[in-house]
Structure formats: structure tokens, C-alpha cells
Amino acid sequence: MKQQLLSVALLMALPVAVMSFDIEASAIKQTKGTFEDKFRQLDESLPTPNVYRNAAGEPGHQYWQQKVDYIIKAKLDEKKRRITGSEDITYKNNSPDTLKYLWLQLDQNKFNPSSMGNLTRTFTGVDASGGTWGHPAKSKAKISLDELRKQQFEDDVDLGYQIRSVKSKAGKNLHYVINGTQMRIDLAKALKPGGTARFSISFAFNIYEQDAVGGRAGFEHFPDDARKGGNDIFLIAQWFPRLAAYTDYEAWTNKEFLGSGEFTLEFGDYYLELTVPADHIVSATGELDNPSDVLTKKQRQRLSKASTAKRPVYIVTPAEALQNEKAGTNRTKTWQFRAENVRDVAWASSRKFMWDAKGYNQGGNAQPHVMAMSFFPKEGNPLWEKYSTESVIHTLEVYSRFSFDYPYPVAQSVNGPVGGMEYPMITFNGPRTELQDDKSRTYSLAEKRFLVGVVIHEIGHIYFPMTVNSDERQWTWMDEGLNSFLDGIAGREWDPTIPWGVEPRDVVEYMKSSRQVPVMTQSDSILQFGPNAYTKPAVALNILRETILGRELFDFAFKEYSNRWKFKRPTPADFFRTMEEASGVDLDWFWRGWFYSTDHVDISLDRVYRLRLDTKNPDVDFARNREDELNKPSSVFVERNSAEGKKLWIDKNKDVSDFHDQHDRFTVTNKDRNDYNKFIGDLDDWEKAVLERAVKEDKNYYILDFSNQGGLVMPIILGLTFADGSSSELRIPDEIWRKSPHQVKKLLVFDKELTQIEVDPHWETADVDVENNFYPRKIIQSRLEIFKKKDGTKPEDRDIMQDYKAKLKTDSENKDTEENDASSEVQKDATES
């Protein structure tokens with residue numbers, strides 16, 4: 001710390017002329033200097049409030065949204081892996097507009113090789129050294145076997161919809177046009193406000209293999225099952241032609257489905273008839289409408305028992321599922337489901353499924369009892385039977401606390417090839433266990449964390465966006481970010497020792513990277529999808545709750561937003577405005593920094609000056625000055641001359657001296673004392689009292705120089721350590737940056753001597769550089785790893801004279817070698833541990 005003197009300054013207040021301007025926000029423009037207003041209001045960027053969405057962030061008094069009801073009948077052809085179906089659709093036009101045509105989403109068309117999503121995929125191969133491939137003359141590119149598998153599957157199977165017919169209620173053909181993943185249906189008669197259109201669509205499509213093609217659904221094949229030809233798990237989603245949303249802010253939301261941006265749909269009532277092989281177990285959106293037709297008496301009894309059980313109860317036991325895997329049947333069953341006020345339906349079907357369930361009494365009037373259920377094959381146990389259904393219920397408990405009671409009668413977790421995906425009342429979750437040589441199944445901590453975490457996340461999505469119906473294709477963060485924030489709370493309330501990846505420290509590498517875009521970027525243009533749409537907004541909300549607003553204000557505002565927009569369609573402006581209006585805090589600076597920019601947090605403590613109050617008393621101040629001078633390091637020249645025994649001229653000639661040899665430059669004169677007495681005499685009584693008290697208390701004054709290296713303004717949180725060993729914290733609000741967003745100085749006054757200052761001591765603001773957070777600077781601890789230089793990998797580096805002598809191994813010999821290598825690796829890992 002640098003130590004200086006602080007002089008008392010007597011300031012006179014000067015009159016300030018206040019001028020008023022009435023200028024449109026869009027006309028605000030800084031044309032002089034380099035000042036950047038980090039606290040500029042967002043109103044100029046947000047849509048103007050209107051009768052549909054008001055300035056408080058609430059649905060306006062004329063808010064509207066469309067309603068679409070479906071009756072869907074579908075059949076699963078297990079052998080052909082094909083869906084054929086029909087849907088009767090009732091479309092209610094609640095908008096003030098007359099509609100001449102309707103747009104539908106055809107998401108299955110995305111998997112056709114000729115789709116825009118496939119044709120615009122870029123090559124991301126790497127070269128032989130692991131770097132980005134540049135030119136064939138310089139290095140070989142690499143292509144993964146996964147990519148070849150995808151290409152081959154798409155070559156072999158005709159993917160996408162076959163639309164067989166589109167007919168009016170009267171049975172007449174309606175003209176339609178397919179445009180990639182969109183279909184326009186031209187109505188025979190324009191649909192006026194308040195009117196209803198009824199029509200039907202007949203469709204079919206081949207189910208893609210998820211492991212080969214990817215995506216959010218598909219089948220997974222198990223060739224080693226006892227049944228001849230193996231078994232499949234079918235996850236069926238985004239599977240029927242669905243009405244695109246028609247909104248007050250965008251009209252038709254008919255963006256092409258490229259794969260990243262998901263969807264937004266209209267709420268409605270669904271009735272499903274799903275015809276599948278008779279030995280299949282089906283999980284679907286909605287309540288089972290015909291349990292007597294598809295479940296045995298024992299299964300129905302178990303389901304009833306599970307409703308009040310303390311722990312999950314098997315409806316289909318492991319033994320029954322294993323037995324079911326062995327055969328197969330040509331018979332079919334039709335499962336019927338009803339779902340009210342949902343925006344989509346999905347389902348799963350397999351003879352491999354075990355099925356467990358547990359009731360959850362959440363109270364309330366809307367949906368007091370919920371059945372939490374899980375469907376999984378033997379490959380998921382023992383992990384799934386322990387944690388899946390329990391994770392479902394834990395999610396409902398936590399999310400309902402922050403938003404609203406779970407609104408549906410069932411909440412389901414289904415294991416299959418999809419790592420994680422959500423639909424109303426049903427989620428697809430991927431974690432599995434590992435089969436060991438002794439036929440037991442085990443799982444790692446990472447796999448356990450994966451299961452608990454993904455179930456929490458996907459069940460959480462039934463709240464956001466399946467109930468709070470934001471537009472995922474436009475603003476991914478509105479569901480993924482909000483949901484990741486809440487799943488971080490639920491995860492840490494499950495077990496905080498598990499690394500959930502939602503702490504501010506978890507986003508710093510992304511925040512300081514150059515490969516990023518603002519969070520508000522449209523979904524298909526996002527770079528680094530996970531950090532941008534999930535982690536960064538989740539961390540931002542965590543900081544908003546714990547650091548900016550505090551839990552009480554944040555929780556009230558967030559719950560207000562959730563309830564305002566339950567079963568409605570919010571936009572970012574509605575979220576921003578609600579959080580400000582309900583918390584009573586201006587947060588425009590926060591939204592600008594975290595959601596509209598790529599700035600990062602890096603507050604540097606550049607310098608600290610320790611100062612002592614100048615008393616104006618020459619007998620005090622000159623003595624202090626003399627002491628300060630004596631405490632400075634002496635001259636190296638003088639020290640070395642003294643060490644060599646060299647004598648000074650003044651010591652060798654002591655008979656030659658004057659007044660100044662007897663009085664140093666800090667000598668106090670009577671003139672100095674007279675000046676001091678006059679200064680004191682000219683002070684008003686209150687000024688004398690202030691000065692006398694300040695001199696008596698003799699406090700420690702510190703000036704701290706901060707610079708905003710990252711551009712993102714945040715509160716300055718200081719950890720302070722004092723000479724007596726005590727410590728404290730000081731939280732300086734973000735407003736300190738308002739007039740000077742790049743550099744600020746702060747005066748702190750203490751009774752005690754300050755020895756150490758740390759910015760952001762709890763790592764709660766996502767500050768990307770901890771090295772400049774300390775004053776005095778601190779040595780940063782890290783690790784140094786030893787490595788062994790690898791031999792050359794070029795063709796000429798091989799010892800082909802020796803390798804040429806090698807014997808060609810059989811398949812069994814290769815297997816033995818692999819097992820030995822694996823065993824050696826395990827022993828090596830154990831030794832290193």
C-alpha cells in the first residue's frame with residue numbers, strides 16, 4: 001500500500017443549473033468524449049408496451065393466444081420401425097386477425113438429407129495432429145465413424161414425412177404447400193377472429209435410429225437381447241404435424257427447424273390412441289384412459305398401491321421385464337391417453353421397460369396429487385430404481401417453491417437413447433449402468449450425477465417452457481437458462497458436494513473467450529450453445545439472487561413472473577419488466593451487460609494508498625514528516641560508502657558549520673505556529689469541532705483505485721483483513737460505476753490498520769481474473785504436470801523393419817490383448833490414485 005498525506009480541504013457548495021430535456025430515447029447519442037453509459041435504460045431496445053403486454057411485464061387486458069385441440073390415432077410398426085397416423089385438428093382463432101392460411105411444423109423433415117438443416121451442416125473435421133484441418137496438401141482430415149454411420153443411415157432409410165392427405169371437416173381436400181420443415185394449409189374460407197377451423201391430416205414417417213442420426217427422439221436397438229433379432233426402445237417426439245404458434249409479437253412463428261432452436265406451440269387438449277405390439281409398455285403425455293384394456297389386474301393394483309407409497313413401487317418388475325424381452329408377439333394393444341391444456345405430446349414404447357411409480361401429494365386445489373413414474377430397461381438398473389422417480393419428486397418440491405404447483409397429474413422419466421429432452425408430462429433421460437464380468441451392473445459418480453441432474457433438468461422443463469410457454473426457437477435462454485438456474489438450486493439442495501456446474505466460477509472461461517455471442521442471440525446463431533444458453537444465464541440469475549437483489553426480493557419477483565405467465569407466452573421484455581417491477585430495483589444495467597453484450601466481469605484493484613490526516617499543527621505534522629523521511633530506504637551509495645569506511649566532508653571539517661547544520665528542514669518555527677493559530681481562529685465553531693475530533697480519532701484513510709477490465713459493471717465486493725487479525729466485508733453497489741464505467745476511486749476510513757484487500761472473496765460475480773483481485777498482490781497456487789515427450793507419428797518415424805516381423809493376430813488374440821491392456825490401465829490408474 002502507498003502511504004501519503006491527506007490535506008483537509010474546505011469546499012464551498014456551488015449552485016448547479018438543472019436542465020430538463022424531453023427527447024425520444026432513440027435520439028440519445030453520445031457525440032463528445034468517450035463516456036459509455038452502462039446504466040442506459042432498456043426502454044429504447046424493448047418493444048413498446050401495449051394492450052397485449054403492459055409496461056409492468058404482465059399480460060395486457062387484451063392478451064390473447066390461439067387454442068388447438070388434437071385427436072391423434074397412430075400405429076407403431078415395430079418391424080418396419082414406422083409410424084402411420086391421422087389427426088383431427090380443431091383450431092380456435094382467438095386473435096384479432098383474419099387468417100387465410102395456417103402454418104404447421106413438420107419437424108421430421110429436418111432429418112431428410114435434402115433439408116436445410118442437413119445441407120447447411122459444415123465440415124468440422126480435425127487434422128491428424130488434432131488441430132483444425134486446413135488444406136489437403138498439408139495434412140489429412142479426419143471424419144468420425146459416427147459421421148459415416150449417420151450418412152449411411154440417411155442413405156438407406158427414407159426420412160421425413162409422407163403427407164397422405166389434408167382434408168376439411170367436410171372431407172374435401174385442402175390445398176397445402178410443404179416448405180422444408182413447414183407446411184402451409186390454405187383454408188377454404190378465411191378464418192375470422194373468434195372462428196374455428198376443423199381439418200384432418202393423414203401422415204406417416206420412418207423412425208430414425210437415434211444413435212446414428214442424433215436428434216431428440218428415435219429408436220435404440222439392443223441386438224444382444226434373448227429375443228431373436230433383439231429389441232428396440234422407441235422414443236417418439238416431434239412426431240405429428242403440429243400447428244405453429246401465431247403470436248401478437250411475431251404473427252406466425254414459422255422459422256425453419258435447423259436442429260438447435262426447438263419450438264413453441266399452442267396450448268390445447270389432446271386425445272391419443274397409440275397402437276403398439278401387445279407386449280409393449282407405453283409411457284405418454286397425459287393420463288392413461290383405458291388401464292383395464294392394457295394393464296393386468298396385478299399391475300393396476302400395484303399402481304394403486306404406489307399412489308400412497310413411501311418409496312417407488314414396481315408396476316412392471318425387473319423379472320417381468322426380463323421375461324418380456326425374450327419373446328415377442330404379432331398381437332397389438334391400443335393405449336389411450338388424455339391430456340388437457342398442454343402444448344405438445346410425446347411417448348415411448350418398448351417391451352424392455354420396467355416401470356415404477358410413487359405418488360406425490362403437493363396440496364393445493366389445482367392438482368393436489370401427482371404420480372411420479374419412471375420407465376427403464378435392465379441396462380439402467382440399479383441406478384434408475386434408486387434415483388429416477390425420487391429425482392422427479394424432488395424436482396416438483398423445489399420448482400413449485402419458486403414458481404407454482406406442478407399443473408399436471410403425472411410426471412414421467414423414461415430411459416432411452418436420448419441424453420435429455422422434455423415434453424409435457426414426459427421426459428427422456430439417458431444415463432446407463434456398466435455391465436461387469438460378474439454380470440453385476442455398476443455406475444460412476446459422474447453417471448449418478450448425470451441421472452439426478454438430467455431428471456431434475458428435464459422435469460423442470462415441464463415448468464419452463466412447457467407451462468411458461470416461451471419461444472425456444474427464438475430465445476433459447478428463456479427456458480434453458482431459467483431452468484438451469486432452478487436445476488442448480490435443486491441439485492445443490494440434493495447434494496452440494498456433487499459439482500453441478502452452475503456456480504459463477506463455472507462460466508469464467510466462457511465469459512472471457514472471444515468465441516461467443518450475446519445471450520439474446522437467436523437460437524440457431526448461437527456459438528457454444530451450452531455455455532451461452534444454459535450456464536451464462538443461469539449464473540446471471542444466481543448472481544442476481546445472491547448478490548444483487550437478495551433472496552427475498554428475487555424470489556418474490558421470480559414467482560410473480562412464473563405465475564403471471566403460466567399457460568401463456570412471455571417474451572424477454574416481459575421477464576425483464578416483471579423482475580424490475582416486482583423487485584422495485586432498476587436492473588436495466590444488469591440485463592444490458594449479461595444478456596445484450598459479451599462483456600465479462602474483471603474488476604481489478606490496481607492501487608491502494610494509505611493516508612493520514614494532516615492536522616495543520618506544525619509541531620505534529622513536521623514531526624510526522626521527519627519520521628516518514630527516516631523510514632524511507634537509505635541510499636545504496638551512502639550505505640556502500642559507509643561500509644568502505646569513507647568519511648563525509650562534514651565529519652572531517654566539523655569546525656566549519658552554520659545554522660542549517662543544527663536545524664533540519666523539518667524544524668518548526670514560530671511563524672508556522674502563528675499561521676496555524678490564525679487558521680484555527682478563522683474556523684467556524686462547527687469546523688473547529690470537526691477538525692478537533694478528526695485529529696483526536698486519527699483514523700486510517702485509504703484510497704482504492706479500481707478499473708473495470710472486462711466491461712461488465714458489477715458490485716464491488718471487498719474482503720478486508722486488518723493488522724489485529726480481524727476481518728470484515730464491504731459491498732459497494734454497482735451504481736459506483738454509473739458516472740465512470742471504466743475506472744473509479746473509493747475512499748475508505750477505518751479505526752484499524754488495513755493489511756489485505758480481496759475483491760470478490762467468495763467468487764460470486766464470475767470475475768475472470770483473480771490475480772488482480774488482491775492488494776497487496778498474492779501468489780496464485782496451481783499445479784505443474786510432468787509429461788513424457790512422444791515419439792514421432794509420421795510414416796517415416798515407424799520402425800517398419802521390426803514391425804514387419806509381427807505375426808497377424810486372430811480375433812481372439814486381439815480380444816485378449818485388449819483385455820490385458822484394459823487391466824494394465826486399471827492397475828495404472830489405481831497406482832496413480
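In strand 24, threonine 427 is the bridge partner of glutamate 422. The model is predicted, so local features need pLDDT of at least 70 and side-chain atom pairs count only at pLDDT 80 or more, while totals for chains, interfaces and linings use all residues. Residues are numbered from 1 along each chain as its sequence is written, and side-chain values use heavy atoms, without hydrogens and water.

Strand 23 (residues 420–423) runs antiparallel to strand 24, and four bridges join them; strands are DSSP runs of E with at least two residues, and helices are runs of H or I with at least four, numbered from the N terminus. Two strands pair if DSSP finds at least two bridges between them. The hairpin of strand 23 and strand 24 has two residues between the strands, and methionine 425 takes a positive phi near 70° there.

Strand 22 (residues 410–415) is parallel to strand 24, again with four bridges. Here asparagine 415 stands opposite asparagine 429 of strand 24. Both faces of strand 24 (residues 426–429) are covered: Ile426 and Phe428 on one side, and Thr427 and Asn429 on the other, are all buried, that is, under 20% relative accessible area with a 1.4 Å probe, protein chains only.

Helix 9 (residues 477–494) packs against helix 13 (residues 572–583) at an angle of about 40°, with the axes 11 Å apart. Trp477, Met478 and Leu482 of helix 9 meet Pro572, Phe575 and Phe576 of helix 13, contact meaning heavy atoms within 4.5 Å.

Notes
Axes fitted to C-alpha atoms, helices over the stretch in contact; angles between N-to-C directions. Buried < 20%, exposed > 50% of the residue type's maximum accessible area, 1.4 Å probe, protein only.
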